[in-house]
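Take a moment with the sequence and the model.

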Amino acid sequence: MSGMSEERTKAVLSELFSPPRVNGVLASRGACRGVVAGTSFDLIEDPASGEKWDFLKARHRRECWRRLVSEDPWIVIGSLPRTAFSAWNVRLNFAKMSPSDVDRKKAEDRLLLGLVLGVYRRQAARGRYFL
């Protein structure tokens, strides 16, 4: 883009609930058509803190938001791993669980779904993308 620095024209890609799949490729090959790797938020170790991400912890959700705001991603790829809304899981696994465990699992998954939907709403409101 004319008149803009190379840094300003790069589009950041962040992954939510995903190991660095796309970001892993971007990190190993460098920017691809202006797209650069952002943070991959998964249940893997966060290099900055040395902790594994646990989005059931408010502190980790706040840090995720802080980084997303800082990185200003062009696109966020979300791969919500939670299964409370999966018909497969409901039919096979919930029947084996106590009602209190099922309720807890559903509450946890609603919390995580809310995080993802909040990120997607922010992306849409800013004219950015999510997948």
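The protein exposes about 8,200 Å², and carbon and sulfur atoms supply 56% of that area. Accessible areas come from the Shrake-Rupley method with a 1.4 Å probe; for residues, only the protein chains shown count as cover. This is a predicted model: local features need pLDDT of at least 70, side-chain atom pairs count only at pLDDT 80 or more, and totals for chains, interfaces and linings use all residues. Residues are numbered from 1 along each chain as its sequence is written, and side-chain values use heavy atoms, with hydrogens and water left out.

Now the fold. There are five helices and four strands. Helices (H or I, at least four residues) and strands (E, at least two) are DSSP runs, numbered from the N terminus. Along the sequence they read α-β-α-β-α-β-α-α-β.

Next, the inside. Of the 131 residues, 32% are buried, meaning under 20% relative accessible area with a 1.4 Å probe, protein chains only. The largest nonpolar core has 13 residues. Such a core is a set of buried Ala, Val, Leu, Ile, Met, Phe, Trp, Tyr and Cys residues joined through side-chain atoms within 4.5 Å. Helices α3 and α5 (99-125) each give two or more residues to this core. Helix α5 gives the most, with five. Apart from this core lies another, of five residues, including Leu-13 and Ile-77.

Is Arg-67 buried or exposed? Arg-67 counts as buried because its relative accessibility is 11%. Arg-67 sits in helix α3 (residues 58-71). Among the residues that Arg-67 touches are Phe-41, Asp-46 and Trp-53; contact means heavy atoms within 4.5 Å.

Terms used
Buried means under 20% relative accessible area, exposed over 50%, partly exposed in between (1.4 Å probe, protein chains only). Lists of a residue's contacts leave out its neighbours within four places in sequence.
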